[in-house]
Amino acid sequence: MRWDREVDVLVFGAGMGGMCAALFAAHEGLDVLLCEKTEQVGGTTSTSAGTVWIPGSAQAKRDGVPDSIDDARRFLEAEIGTRALGVREAFLEAGPAALDYLDVRTEVKFRAPPRHPDYHSNQPGRALAGRALAPLPFDGRLLGKDFARVRPPIAPFMVLGGMMVGKDDIPILLKPFASLKAFTAAARLLLRHATDRLRYRRGTRLVMGNALVGRLFYSLRARDVPIAFDARLVELVKGADHVDGAVVDIGDKRQTIRARRGVILATGGFAPSEKLRAEFMRALPVAHSNAFAGASGDGFQAARAAGAAVDDRHTSPAFYFPSSLHKDTVYPHILLDRAKPGLIAVNSDGRRFVNESDSYHDFVEGMLRANAATPSVPAWLVCDRSFIRDYGIGLVHPGAGRRQIERYVADGYLKRAETLMELAQLIGVDGKTLLRTVQEHNAFAEAGVDDAFGKGGTEYNQFNGDPANKPNPCLRPIVEPPYFAVAVYPSTMGTCVGLSTDGDARVLDPDGRAVGGLYAVGNDMASLFRGIYVGPGITLGPALVFAYRAVMRIKNG
Ligand SMILES: Cc1cc2nc3c(=O)[nH]c(=O)nc-3n(C[C@H](O)[C@H](O)[C@H](O)COP(=O)(O)OP(=O)(O)OC[C@H]3O[C@@H](n4cnc5c(N)ncnc54)[C@H](O)[C@@H]3O)c2cc1C
């Protein structure tokens with residue numbers, strides 16, 4: 001084999017998994033090259049909330065919400081039994097060390113919000129805070145001209161032509177006159193944004209996934225880690241039982257690059273790939289994805305061609321959002337509307353089928369279950385005028401005025417009617433049934449208990465509700481015309497099916513033997529959660545931890 005170039009470690013994909021792997025490798029003194037097939041870093045990570053689920057961290061203890069690994073172990077046992085036990089233990093054992101490593105040596109830093117519950121917050125060992133960590137905001141100006149290389153969030157997650165808004169910013173921006181503190185904070189945000197827009201195409205105050213990517217990129221640059229853009233993995237070069245390097249298209253040149261110590265695949269799984277969805281999600285009515293289009297299965301397919309085994313033994317083959325569709329936007333209904341009081345979801349029968357305030361993944365699982373008996377794709381989120389005023393729905397912002405509402409009604413995104421019977425007709429469901437469903441829901445709201453599906457019944461439900469709404473933060477009667485509905489469809493946010501690995505992220509063959517020299521992290525690696533969405537941050541957390549384990553394995557042999 002004639003090699004054009006040689007490095008110790010060759011990493012493919014500049015999202016969470018790949019950027020972390022390259023950063024760990026560089027700090028361990030390895031000669032590393034990070035190849036990214038697009039002109040920007042970030043992949044799906046840059047459009048994410050940036051939360052990592054890593055139990056028992058020093059950061060949680062520092063921030064006053066300590067978490068215990070033993071509790072997390074009990075929780076995972078209750079959630080997923082004994083499946084993926086080896087990989088799970090490796091994750092639990094290395095998580096805090098991996099976080100500390102970044103915290104001490106790089107600008108990749110996290111904090112533990114005072115409250116961020118696991119999704120099944122009634123299970124033994126669950127955490128209400130301390131397990132889900134958020135990246136600290138980041139000042140994009142520090143990147144200089146490299147700021148343009150950070151993939152931006154999707155447009156609906158920004159306001160005023162490119163200002164990022166975190167969960168904590170929303171109440172301040174919605175009610176700037178509520179207090180002097182709110183006013184000062186809102187004025188500061190707006191002023192910063194106005195100044196940014198004089199020099200940049202979007203705001204430079206980065207939060208959530210964009211802050212995480214900004215911090216990773218800044219830390220890579222600070223360490224002079226080489227990043228090849230427009231550099232696409234074509235295929236792996238494999239000897240008898242060892243991956244020695246890869247064929248890479250860089251710009252219009254094809255190169256063979258030798259990896260003396262290892263190749264790490266971090267190309268983001270295959271959530272947007274129709275072909276692979278057809279293979280691994282047969283017969284599921286899931287036709288949309290929120291993942292970055294470039295995360296289309298390249299690493300996964302290259303590894304399969306090199307003899308890697310696929311691990312598809314998951315309760316669900318992918319993680320889902322319920323998403324509404326508007327032009328090219330697949331808008332995920334994550335936490336701003338479904339759990340709030342005064343909204344229900346109905347299927348084509350006009351009946352509710354799920355606890356609307358459960359996690360986005362569980363909502364879709366409920367939708368897919370219901371769909372087996374009654375068409376439930378799309379399902380309809382139904383609310384009244386007061387709900388839109390207070391919380392907004394999908395792309396329609398809280399407090400939306402007439403113009404915004406008219407625009408979305410005119411293009412069909414938002415259905416509107418003066419009566420529930422008329423709304424039912426517009427969305428094609430039986431009017432009398434919808435009326436009965438709303439009446440029953442309203443009676444539950446008066447009583448504060450949803451006897452049908454338990455909306456607002458768990459700590460997690462209540463966390464996303466409205467604490468000012470009594471007695472149940474997730475229930476309020478739907479009574480004020482006009483009435484509105486938005487259609488939601490299941491969409492993939494990421495894949496659970498992935499390459500079979502051991503606890504050091506070494507890719508395994510069908511006999512369970514490691515394919516020498518080959519590692520997979522992020523969504524290229526099969527999810528250790530086996531298709532059960534246990535809490536916030538369960539793809540980015542493992543991406544970070546297994547990048548650490550892979551590099552330590554490469555370093556120490
Ligand atoms: C709206 C939204 C919110 C989310 N919030 C969270 C959250 O808060 N916490 C959480 O844990 N998860 C969250 N997720 C899921 C999470 O973002 C993804 O699971 C995660 O970003 C995947 O990381 P990755 O490193 O595997 O891939 P990515 O971040 O997608 O990066 C993959 C990179 O590989 C590159 N690539 C692809 N093919 C090649 C090739 N052939 N050669 C070279 N490079 C290649 C791509 O261009 C891309 O840059 C969210 C997802 C969405 C859509």
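A word on the model before the tour. It is a predicted one, where local features need pLDDT of at least 70, side-chain atom pairs count only at pLDDT 80 or more, and totals for chains, interfaces and linings use all residues. Residues are numbered from 1 along each chain as its sequence is written, and side-chain values use heavy atoms, with hydrogens and water left out.

Let's start with the ligand. Which residues come nearest to the ligand? Of the 38 residues around it, the answer is E36, T45, D298, T539 and L540; a residue is near if one of its heavy atoms lies within 4 Å. Sorted by class, this shell holds 14 nonpolar, 20 polar and four charged residues. Here Ala, Val, Leu, Ile, Met, Phe, Trp, Tyr, Cys and Pro count as nonpolar, Asp, Glu, Lys and Arg as charged, and the others, Gly among them, as polar.

Now look for polar contacts, meaning pairs of N or O atoms within 3.5 Å. The side chain of E36 has an N or O atom 2.7 Å from an oxygen atom of the ligand. At A49, a polar backbone atom is 3.1 Å from a ligand nitrogen atom. For L540, a backbone N or O atom lies 2.7 Å from an oxygen atom of the ligand. The protein covers 98% of the 1000 Å² of accessible area that the ligand has on its own, using the Shrake-Rupley method with a 1.4 Å probe.

Strand β11 (231-238) and helix α1 (16-27) each supply at least two residues of the shell, and β11 gives the most, with three. Helices (H or I, at least four residues) and strands (E, at least two) are DSSP runs, numbered from the N terminus.

Our last stop is an open sheet of three strands. What is the order of its strands? The order is β3-β5-β4, with antiparallel pairing; two strands pair if DSSP finds at least two bridges between them. Because β3 (52-53) and β4 (110-111) stand at the edges, each with a single partner strand, one side of each is left without a neighbour in the sheet. Between β3 and β5 (residues 132-135), the antiparallel pairing runs over two bridges. If you want to find this spot on screen, look for V52, which stands opposite L133 in β5.

Key. A polar contact is a pair of N or O atoms within 3.5 Å; within protein, one must be able to donate a hydrogen and the other to accept it, and residues adjacent in sequence count only if both atoms are side-chain atoms.
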